[in-house]
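Please work through each task before reading its solution.

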Amino acid sequence: MAHSDKKIVIFSEDELRKVITRITFEIIEKVHDLEHLLLIGIPTRGVHLAEVLGEEIFNETGINVKRGIIDPTFYRDDQSRVGTRLVKATEIPTPIEKKDIVLVDDVIFTGRTIRAAMDALLSWGRPNRVMLSVIVDRGHRELPIHPDFCGRRVPTRKNENIYLRLKQVDNEEGVF
C-alpha cells in the first residue's frame, strides 16, 4: 500500500470463497448454454481464477467448461508505462466462433488490460459475446469497460494497489 506496509483485508479467505461462489452462480444464470462457454484467464491471477470458476461450475452443473489463457501483453497501448513481464503463452483450446466467452481477471483498474485482451482475443475469431468477470473493481477507468460479474467495487487512490492472493500461487488466500 502506498503510504505504509499495513495490509488491509478486503476479502478474507472465507469471503473470497463466497464471492467466487456468487460469481459462479451469476455466470451459470447468465450463460444459457454452458457447453458453449469458454473461460479465458488473463495472466497471472486471472488464469488461476478461471480454473477455480471452471471447477465451481463443474461442481454445480456437471459440465466441464473449457478454459483458456490470453496474454494481452503485445496488444497493450501503454507498454512504456506499465513495462513488460514474462509473456505467458496464449492457449485457446477451441475455436471461439459462437462461444460465450468470460474473460477472467483479478482486478480491473483503467480497463486497458481488458481492452488489450479483447483485441488479442478477436485475433482468434468472432465469439457470440464477450463478458468480463473480476473479483475487485477499483475504479479509475480510462476506457468504457465494465465487468459483467464483480465481487466488489473498492474505491482506491491511483497510487494504491489491490492484490488477490490464491493458495495455488501465493500460499495464502484473500484480497488485500
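**Exercise 1.** State which residues are linked in a network of salt bridges.

*Solution.* The network joins Asp77, Arg112, Arg115, Asp119 and Glu142. A salt bridge here is a side-chain nitrogen of Lys or Arg within 4 Å of a carboxyl oxygen of Asp or Glu. By this rule, 16 salt bridges are counted. The model is predicted, so local features need pLDDT of at least 70 and side-chain atom pairs count only at pLDDT 80 or more, while totals for chains, interfaces and linings use all residues. Residues are numbered from 1 along each chain as its sequence is written, and side-chain values use heavy atoms, with hydrogens and water left out.

**Exercise 2.** Determine which parts the salt bridge of Lys167 and Glu13 ties together.

*Solution.* Step 1: the side chains of Lys167 and Glu13 meet at 2.5 Å, N to O. Step 2: Lys167 belongs to helix H5 (residues 167–170) and Glu13 to helix H1 (residues 13–30), so the bridge connects parts 154 residues apart in sequence. Helices are DSSP runs of H or I with at least four residues, and strands are runs of E with at least two, numbered from the N terminus.

**Exercise 3.** Is Asp100, the partner of Arg129 in a salt bridge, buried or exposed?

*Solution.* Step 1: the closest N and O atoms of Arg129 and Asp100 are 3.3 Å apart. Step 2: Arg129 lies in strand S4 (residues 129–137) and Asp100 in strand S3 (residues 100–108). Step 3: Asp100 has a relative accessible area of 7% and is buried, whereas Arg129, at 28%, is partly exposed. Buried means under 20% relative accessible area, exposed over 50%, and partly exposed in between (1.4 Å probe, protein chains only).
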